[in-house]
Amino acid sequence: MPKLDLPPITDADESRIQAGIAGDPNNPEITAEQARAARPFAEAFPELAATLRRSRGLQKAPTKQLVSLRLDADTVAAFKATGPGWQGRMNDALRAAARTLRVG
């Protein structure tokens, strides 16, 4: 995701934004009673929520294995600095290193 070069929000900006929100008749603050009666979207609209769930589903032929791994921050930063696809490049580097290992 590209970084936007935006100026920081000042206190004056924040005040103006909050005043705009407070003065919007189409978006009033909720009451305590409304907050107590609120339900999660999936509970209030289960059929609609089910249609919105996204899933990749099962792989036809799983080729990758999910692992949890702790790496040095500088190692991860170096791969991330190479841009999109860094995880695949890290996988390629590990594969190459694995080929040099002697088992047994």
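Biologist: How many helices and how many strands are there in the chain?
Modeller: This is a predicted model. Read along the sequence, the chain follows the pattern α-α-α-α-α-α. The count is 6 helices and 0 strands.

Biologist: What is the mean pLDDT of the chain?
Modeller: pLDDT is the predictor's confidence in each residue, from 0 to 100. In this chain, 97% of the residues reach 70 or more. The mean pLDDT is 89.

Biologist: What radius of gyration does the chain have?
Modeller: Take the reference value before the answer. A compact globule of 104 residues would have a radius of gyration near 13 Å. The C-alpha trace here spans about 70 × 45 × 20 Å along its principal axes. The radius of gyration of the chain is 25 Å.

Biologist: What share of the residues counts as buried?
Modeller: Buried means under 20% relative accessible area. The chain exposes about 10,500 Å², and carbon and sulfur atoms supply 57% of that area. Of the 104 residues, the share that counts as buried is 5%.

Biologist: Which residues form a nonpolar patch on the surface?
Modeller: A patch takes residues with over 30% relative accessible area. Phe41 has 42%, and Phe45 has 46%. Together the patch members have about 400 Å² of accessible area. The members are Phe41, Phe45, Leu48 and Leu52.

Biologist: In which helix does Phe41 lie?
Modeller: Phe41 is partly exposed, with a relative accessible area of 42%. The helix that holds Phe41 covers residues 41-44. That element is helix H3.

Biologist: Are the rings of Phe41 and Phe45 stacked, edge-to-face or tilted?
Modeller: The count comes to 1 aromatic pair. The ring centres of Phe41 and Phe45 are 5.5 Å apart, with the planes at 40 degrees. Planes under 30 degrees apart count as stacked and over 60 as edge-to-face, so the rest are tilted. The pair of Phe41 and Phe45 is therefore tilted.

Biologist: Which residue forms a salt bridge with Arg16?
Modeller: Side chains of opposite charge can pair when their charged atoms come close. The count comes to 2 salt bridges. For Arg16, the closest N and O atoms of the bridge are 3.2 Å apart. The partner is Asp13.

Biologist: Does Arg16 count as buried or exposed?
Modeller: Asp13, the partner of Arg16 in the salt bridge, counts as partly exposed at 24% relative accessibility. The cut-off for exposed is over 50%. Arg16 has 57%, so Arg16 counts as exposed.

Biologist: How far apart are the closest N and O atoms of Asp92 and Arg95?
Modeller: Asp92 and Arg95 are 3 residues apart in helix H6 (residues 86-99), so about one helical turn separates them. Asp92 forms a salt bridge with Arg95. Their closest N and O atoms are apart by 3.0 Å.

Biologist: What is the relative accessible area of Arg95?
Modeller: Asp92 is partly exposed, with a relative accessible area of 41%. Arg95 is partly exposed too. The relative accessible area of Arg95 is 38%.

Methods:
Residues numbered from 1 in each chain as written. Predicted model: local features only at pLDDT ≥ 70, side-chain atom pairs only at ≥ 80, totals over all residues. Heavy atoms only, no water. Patch = residues over 30% accessible without salt bridge, like charges linked within 9 Å, V, L, I, M, F, W, Y side chains within 5 Å. Areas by Shrake-Rupley, 256 points an atom, 1.4 Å probe, with all protein chains shown as cover. Salt bridge = Lys/Arg side-chain N within 4 Å of Asp/Glu carboxyl O. Helix = DSSP H or I, 4+ residues; strand = E, 2+ residues; numbered from the N terminus. Buried < 20%, exposed > 50% of the residue type's maximum accessible area, 1.4 Å probe, protein only. Phe/Tyr/Trp six-rings, centres within 6.5 Å; stacked < 30°, edge-to-face > 60°. Rg over C-alpha atoms; globule rule 2.2 N^0.38 Å.
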